[in-house]
Amino acid sequence: MMNLFVLQLLNGVQLGVLLFLIAAGLTLVFGIMDVINLAHGVLYMVGAYLVATFAAATGSFWWGLALTLPAAVVVGLVLERVVMRRLYARSHLDQVLATFGLVMIASEAVKMIWGVSPLSVPMPELLSGAVPLMGPLKYPVYRIAIIVAGLAVALGLFIMVNYTRVGMLLRAGATHRDTVSALGVDINRLFAIVFTLGATLACLAGALVAPILSVDTGMGESVLILTFVVVVIGGIGSIKGAFLGALLVAVVDTLGGVFGPILLRSVLDPSVAGQVGRVLAPMLIYILMAVILFARPAGLFGRNPA
């Protein structure tokens, strides 16, 4: 049982790191730009398709990843300039409708370009295999690499937000946008940087997960809901909150799905416990969100309204 717990805990941390990469961009866009972007999950999907395409063309996952990152920057810049910039002054309802339409357009475009059949990305040989952890327990090297890469990105974002001029402007823009603009800062340029950074992180998450999941057109929709839960729990606009919220959501979701039915078997018939466990497990993250918002309405690190 302990081996199973450790294994699923690591799986939860790995999922949490991926959720953080997506949620970090979403919380910056929402917290600083005040824009609701339902198409953020599309960027995660696009990153997976890009790395699949580039890896197949070059015969190397590493080259595919190296080409995906600048391509993600271009996608983010074009999307911000063509679509998102026109939504800054619009209501949240307009933003929801416009970005939902973007989701539909992007999904159909992906089907036209890559087809409806799922794609696969070969595991990089350097990171194949598993490492021993405790006793007979082994864990895939690639999943450990995802955790390390995500932690490195989190550290880089923390340094950027707290110790650089760009980070200072981001923090100031989140609470005093008009003042920052009056001081001569180009708000449109700042917003373009924020959105492009968020798009690149989402594409990076999709590229990293491609070797362990099938690449298909529905992958962005499934992760978007979890990402919004992470942003709400962590506090809108908080990178630290996004990181902690992502880990909490992923660990609760992973451990709940595995151990929920096991615990219910002690009080219910095994067949009933399995059915009830499968129903209750997806609810755990929403129960977690409700409890946290009851105690802290603005999220773990959100700013309470004055």
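Me: Leaving aside neighbours within four places in sequence, which residues is Gln-8 in contact with?
Reply: This is a predicted model. Gln-8 has its place in helix α1. Neighbours within four places in sequence are left aside, and the contacts of Gln-8 are then Thr-254, Leu-255, Val-258 and Phe-259.

Me: Is Gln-8 buried or exposed?
Reply: The relative accessible area of Gln-8 is 13%. Buried means under 20%. Gln-8 is therefore buried.

Me: Which residues does Thr-254 contact, its neighbours within four places in sequence left aside?
Reply: Thr-254 lies in helix α10, residues 239-264. Its relative accessible area is 14%, so Thr-254 is buried. With neighbours within four places in sequence set aside, Thr-254 is in contact with Gln-8, Asn-11, Gly-12 and Leu-15.

Me: How many Å apart in space are Thr-254 and Phe-243?
Reply: Along the sequence, Thr-254 and Phe-243 are 11 residues apart. In space, taken C-alpha to C-alpha, the separation of Thr-254 and Phe-243 is 17 Å.

Me: At what angle do helix α1 and helix α5 pack?
Reply: Helix α1 covers residues 2-33 and helix α5 covers residues 141-163. Their axes are 9 Å apart. The packing angle of α1 and α5 is about 40°.

Me: What orientation do α1 and α5 have to each other, and what is the hand of their crossing?
Reply: The angle is about 40°. Angles under 35 degrees count as roughly parallel, and 65 to 115 as roughly perpendicular. α1 and α5 are therefore oblique to each other. The crossing of α1 and α5 is left-handed.

Me: Which residues make the contact of α1 with α5, and how many of each class are there?
Reply: From α1 come Leu-10, Asn-11, Val-13, Gln-14, Val-17, Leu-18, Phe-20, Leu-21 and Ala-24. From α5 come Arg-143, Ile-146, Ile-147, Gly-150, Val-153, Ala-154 and Leu-157. By class, the contact of α1 with α5 has 12 nonpolar, 3 polar and 1 charged residues.

Me: How do the axes of α2 and α8 cross?
Reply: Helix α2 spans residues 40-58, and helix α8 spans residues 187-209. Their axes come within 7 Å and cross at roughly 50°. That makes α2 oblique to α8. The crossing in which α2 passes α8 is right-handed.

Me: Which residues of α2 and α8 meet, and how many are charged?
Reply: On the α2 side are His-40, Leu-43, Tyr-44, Gly-47, Ala-48 and Val-51. On the α8 side are Gly-198, Ala-199, Ala-202, Cys-203, Ala-205, Gly-206, Ala-207 and Val-209. The contact of α2 with α8 has 10 nonpolar and 4 polar residues, and the number of charged residues is none.

Me: Which residues does Phe-195 contact, apart from neighbours within four places in sequence?
Reply: Phe-195 is found in helix α8. Its relative accessible area is 1%, so Phe-195 is buried. Leaving aside neighbours within four places in sequence, Phe-195 is in contact with Val-29, Met-33, Asn-37, Gly-76, Leu-79, Glu-80 and Met-84.

Me: What separates the C-alpha atoms of Phe-195 and Leu-79?
Reply: Phe-195 and Leu-79 are 116 residues apart along the chain. Phe-195 is among the residues that Leu-79 touches. The C-alpha atoms of Phe-195 and Leu-79 are separated by 8.9 Å.

Me: What does Leu-79 touch, not counting residues up to four places away in sequence?
Reply: Leu-79 sits in helix α3, residues 61-82. At 15% relative accessibility, Leu-79 counts as buried. Residues up to four places away in sequence are not counted, and Leu-79 then touches Leu-43, Met-84, Leu-102 and Phe-195.

Me: Where is Thr-217, and which residues is it in contact with beyond its neighbours within four places in sequence?
Reply: Thr-217 is in the loop between α8 and α9. Its relative accessibility is 17%, so Thr-217 counts as buried. With neighbours within four places in sequence left aside, Thr-217 is in contact with Met-45, Tyr-49, Ser-107, Val-110 and Lys-111.

Me: How many helices and strands are in the chain, and in what order do the elements run?
Reply: The chain has 12 helices and 2 strands. From the N terminus on, the order is α-α-α-α-β-β-α-α-α-α-α-α-α-α.

Me: Why is the chain as compact as a globular protein of its length?
Reply: The globule rule gives 19 Å for 306 residues. The chain is close to that value, so it is as compact as a globular protein of that length. Its radius of gyration is 20 Å.

Note on methods. Residues are numbered from 1 along each chain as its sequence is written. This is a predicted model: local features need pLDDT of at least 70, side-chain atom pairs count only at pLDDT 80 or more; totals for chains, interfaces and linings use all residues. Side-chain values use heavy atoms; hydrogens and water are left out. Axes are lines fitted to C-alpha atoms, for helices over the stretch in contact, and angles run from 0 to 180 degrees between N-to-C directions. Angles under 35 degrees count as roughly parallel, over 145 as roughly antiparallel, 65 to 115 as roughly perpendicular and the rest as oblique. A crossing is left-handed if the near helix is turned anticlockwise from the far one by less than a right angle, and right-handed if clockwise. Contact means heavy atoms within 4.5 Å. Ala, Val, Leu, Ile, Met, Phe, Trp, Tyr, Cys and Pro count as nonpolar, Asp, Glu, Lys and Arg as charged, and the others, Gly among them, as polar. The radius of gyration is taken over C-alpha atoms; the globule rule is 2.2 Å times the number of residues to the power 0.38. Buried means under 20% relative accessible area, exposed over 50%, partly exposed in between (1.4 Å probe, protein chains only).
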